[in-house]
Amino acid sequence: MLILKKNDIRSSEITPKETFMNRRAFMAGAAATGLGAIAAGRAFAMGSPEQNVADLQKLATVKSPLSTPGLTLTPLQDITHYNNFYEFGVNKDDPAKNAWRLKTRPWSIEVEGLVKQKKTFDIDALLKLKPLEDRVYRFRCVEAWSMVIPWVGYSLSEFINACDPLPSAKYVQFLSLANSKEELLPWNSGISWPYSEGLRMDEAMHPLTLLTFGLYGEVLPNQDGAPVRVVVPWKYGFKSAKSIVKVKFVKDQPPTTWNELAPDEYGFYSNVNPNRDHPRWSQKRERVIGAPIFRQLQPTLMFNGYQDQVAKLYAGMNLMKDY
Amino acid sequence: MSKRWIVALKVLAHAACLGPIAWLLWHLYLSVTTDPSALGPDPTHTVTFFTGRGTLRLLVITLAVTPVRRLIPKLSWLVRFRRLLGLYAFFYACLHLLTYVWLYAGWSWSAMVDDISQRRFITAGLAAWLMLLPLALTSTSWSIRKLGGRNWNRLHWLTYAAAIAGCVHYWWGVKTGVKTPLTITVVLGVLLLARPLLKQRALAKAPREESKSAA
């Protein structure tokens, strides 16, 4: 169903989403019929057809000077089968099994809080707001593993400018989808849904902070936070909220999910910092996902290697205390 | 239980304990030669959990031998497998420690000192291994004779302490929300309770039998 055209295809010309969604609706229907007698919650947890990564749609992209050069990309297989996306289960392989239930159309982001006017952005309008760029970033999880991911998107600042926030807005909060019809939302994770994340305004406006729609030149696979997420490459992965449905501009530091769950382990800032260890493990080193076992270990870089670009945001702050 | 059966079962026990190691080594070989994903996306993590869980399972099985014998006297011959199982538990623990020293700490002393002093889950894990060490060293018949049965028995109570430390190490090592250590913890808890309960039962039984023989 996907036709790969030449690389200069505009996002406005991509294959109609309906075709794509019809197929997924059909698969969901087939699964429901097959398991009709079993309670819905139960059926959900059972083996389901994985979203076929090969079916994803190509996005038209341009090069970006903000992409990180000289890195070895993590294989797509690992990026799509080793995920922390608790809405779809607490294990790394759960999202790949369960995220096919996520419906990414229709989709919109509601913008509220300290803005001139409340707004709702449709996902297809967002895709056309600015040219999509290829941005290779290091990705460092707080659990001491890392990947290199070729994201597709544009600077979040472009979106924020379109939101017209008031000068009184000091922070921006991102809320992820929490829909028990499409997601597992496991209670035993301790998380109170929806997943919430936030950035200080200057962090959100930094050109490296990416409003992300795809990876490897195609739309985001569901398990990687489709259809739209943020990526903040100098922070631990959990700061990069997935499947965003609401953006709030606020005056005070917003509550964020992992920080509320274990404040001594996960700070609001959560900048990648090899000098500030997690209470239970060292952050000085990281395991490269997809690398051969005896070459997995590598040193972790301050601000995940983006020190030159972002250190000025934290001038005068004690990063051991404000972790 | 005839001698031939014991030999056959011992061969089986060795195979059961070495089988997973063979599997691991085979996949390790594959991962460095033809298939980098043979041990999954995070091979270090795979090997760590494989050897760590193996240690705890074998420790718990070793600890189960005595209560099972007390409960079912017919299975008394199981004691002949206890040393073998205990030594395999230590072997797995050594592989687990090696994984940490090699793949996590990268043979760096400063990294290890840093971890042991600051991270309680590593401290607990090392404590468990250090407790198993004297037990492995005194596993020979010569040591039992030298120490005397009573002293040897007392020393080997450390197995319980090591298993508890191992479970604590497991809980402290996994992140918030992950409940994987629960099963092994429950089993260990049952075994810890079984010892005093079985002892009580034996004591309650003993006087009755005495009076019977007197009558």
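**A walk through chains A and B**

Start by selecting β5 (residues 171–176) and β10 (residues 244–250) of chain A: these strands run antiparallel and are joined by six bridges. Strands here are DSSP E runs of at least two residues, helices are H or I runs of at least four, and both are numbered from the N terminus. Click Ser176(A) and you'll find its bridge partner in β10(A), Ile244(A).

Before moving on, note that this is a predicted model, where local features need pLDDT of at least 70 and side-chain atom pairs count only at pLDDT 80 or more, while totals for chains, interfaces and linings use all residues. Residues are numbered from 1 along each chain as its sequence is written, with chains lettered from A and ligands numbered from 1 in the order written.

Now widen the selection to the open, mixed sheet β2-β1-β10-β5-β6 of chain A; strands pair if DSSP finds at least two bridges between them. β2 (119–122) and β6 (196–200) of chain A each have a single partner strand, so one side of each lacks a neighbour in the sheet.

Next, pick helix α6 (156–163) of chain A, with Leu156(A), Phe159(A), Ile160(A) and Cys163(A) buried, meaning 20 or more other C-beta atoms lie within 10 Å of a residue's own, with C-beta atoms placed from the backbone. Look down the axis of α6(A): the buried residues fall within an arc of 100° (taken from the directions from axis to C-beta atoms), so they line one face. Following α6(A) is Asp164(A), with a positive phi near 55°.

Finally, switch to chain B, with nine helices and zero strands. Of its 215 residues, 23% count as buried.

Methods
Buried ≥ 20, exposed ≤ 12 C-beta atoms within 10 Å, placed from the backbone.
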